[in-house]
Amino acid sequence: MAQLWGGRFTKETDQLVYNFNASIGFDQKFYKQDIEGSIAHVIMLGRQGILTKEESDQIVDCLCQIKADVENGTLEISDKYEDIHSFVEATLIDRLGDVGKKLHTGRSRNDQVALDMRLYTRLQVLETDDLLKELLETILKLMEEHIDTIMPGFTHLQKAQPITLSHHMGAYFEMFKRDRQRLHDIFVRMNYCPLGSGALAGTTYPLDRDLTAELMGFYGPTLNSMDGVSDRDYLIEYLSACATIMMHLSRFCEEVIIWNSNEYQFVEIDDAYSTGSSIMPQKKNPDIAELVRGKTGRVYGALMSLLTTMKGIPLAYNKDMQEDKELSFDAMDTVKGCIALFNGMLATMKFNKERMYASANGGFTNATDAADYLVNHGVPFRDAHGIIGRLVLYCIDQNKAIDQLSLDELKAICPVFEQDIYDAISMETCVSKRLTIGAPGQEAMKKVIELEREYLAEDWTIDEDCKIR
């Protein structure tokens with residue numbers, strides 16, 4: 001058992017206790033962040049004169065070599081170490097001797113792990129944002145391609161009014177755009193450096209926390225050492241944003257699953273994103289959409305787990321907070337994988353325009369427009385609503401659509417109808433005359449598409465020093 005403490009203890013830790021306490025099995029995931037933080041810390045110690053320049057340079061060079069050796073496979077992260085911090089420091093001491101023992105001057109594992117987790121989460125925020133941007137590019141392309149593709153819009157999973165596929169896709173564009181805005185907000189709030197907080201009360205060494213923060217691309221140091229070591233709000237916020245992303249993906253997947261069914265046949269999922277049945281040769285299953293929908297609960301679980309872990313912890317650091325990692329790591333990987341796979345499925349999906357149009361045309365989706373026609377000809381809306389309700393009942397009885405009725409049939413129900421009713425309730429008219437911003441009309445959609453394209457072009461970016469531009 002390799003650990004960096006023990007002077008106060010008179011006997012070895014029980015092996016079961018050690019195993020239960022150890023985190024090397026999962027916190028090795030941020031070895032890069034641990035080394036990055038150690039390099040920044042040592043550079044600062046050297047500039048402050050706490051270490052000599054020679055000592056600082058030696059340690060930095062060795063840390064860089066340790067990172068390279070881990071990445072090229074010549075150095076294995078071993079579970080004989082308690083955690084990734086112990087592994088890095090013990091390896092450094094093995095290679096440098098007493099000079100390596102000076103790495104931890106003015107630092108605690110409490111502020112070290114707080115830094116590592118913050119650096120790692122910051123990277124996940126950026127990677128998630130990149131994937132969402134790629135998904136938005138795919139959605140916007142579909143919006144541009146299907147501005148004239150008419151389909152039914154639904155409420156209560158029943159056909160309601162005709163819209164376009166472009167308009168439907170635009171709803172998800174707005175959802176994922178807000179998801180990116182949440183990530184942006186999280187980044188701005190979390191990008192402060194806890195290193196230098198010590199165990200909970202800072203340190204007597206003359207650390208330059210502003211320098212350390214600057215070296216790692218933070219806006220500055222955290223302003224309370226107790227909060228610095230015990231804050232996981234940023235991680236809760238990120239997991240909450242991930243849960244919302246998964247909720248949006250799950251809703252989209254549910255629609256893809258419905259659209260892919262034999263009853264709808266609105267879409268055909270590419271073979272690369274489908275599977276078959278072991279017994280039914282005719283089946284082509286939307287497994288990716290179903291798995292994304294299913295994995296949503298997994299991400300929700302990580303959020304609820306961390307909220308529950310943090311709810312009863314007094315200041316400052318407590319060992320409970322080690323539980324912030326495993327489920328969070330799983331959620332981070334799950335969300336990024338789901339976004340990437342969903343994007344691939346959506347980009348290769350084929351849409352059955354004729355089937356969508358026929359579904360809209362055959363589901364009384366123009367009933368509201370028929371009522372508006374009567375209103376525009378002097379009939380009070382409430383009366384018009386009742387007239388169209390009776391008209392729909394007649395159509396159901398005759399197994400016809402409204403526009404399949406003769407003018408005589410229409411007049412028998414309401415004499416106000418004239419020949420121009422047919423143009424007024426055509427699918428094309430029902431869609432195109434909705435021109436207010438946010439509506440499915442072609443001109444309105446063109447304006448929205450232009451705005452969304454500008455949003456993607458002018459979007460916030462992060463430079464190499466992790467500063468927002």
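## Model and conventions

This is a predicted model, in which local features need pLDDT of at least 70, side-chain atom pairs count only at pLDDT 80 or more, and totals for chains, interfaces and linings use all residues. Residues are numbered from 1 along each chain as its sequence is written, and side-chain values use heavy atoms, with hydrogens and water left out.

## Second largest pocket

The second largest pocket has a volume of about 340 Å³. Its lining has 16 residues, and Phe154, His168, Tyr172, Arg251 and Glu255 are the closest to its centre. Strand 1 (150–155), helix 7 and helix 10 (233–259) each give two or more residues to this lining. Helix 7 gives the most, with five residues. By class, the lining holds nine nonpolar, five polar and two charged residues.

The search uses a 1 Å grid over the protein atoms alone: a pocket is an open set of points with protein on both sides within 12 Å along at least five of seven lines, a cavity is a set where a 1.4 Å probe fits but cannot get out, and lining residues have an atom within 4 Å of a point. Points are joined across faces, edges and corners, and a volume is the space filled by probe spheres set on them. Helices (H or I, at least four residues) and strands (E, at least two) are DSSP runs, numbered from the N terminus. Ala, Val, Leu, Ile, Met, Phe, Trp, Tyr, Cys and Pro count as nonpolar; Asp, Glu, Lys and Arg are charged; the others, Gly among them, are polar.

## Cavity

The structure holds one cavity of 30 Å³ or more. The largest cavity has a volume of about 30 Å³. Its lining consists of His41, Met44, Leu195, Gly196, Leu207, Arg209 and Thr212. The classes are three nonpolar, three polar and one charged.

Val188 is found in helix 7 (residues 165–190). Val188 counts as partly exposed because its relative accessibility is 36%. Buried means under 20% relative accessible area, exposed over 50%, and partly exposed in between (1.4 Å probe, protein chains only).

Val88 lies in helix 5 (residues 84–96). Val88 has 1% relative accessibility, so this residue counts as buried. The C-alpha atoms of Val88 and Gln158 are separated by 60 Å, with the two residues 70 apart along the chain.
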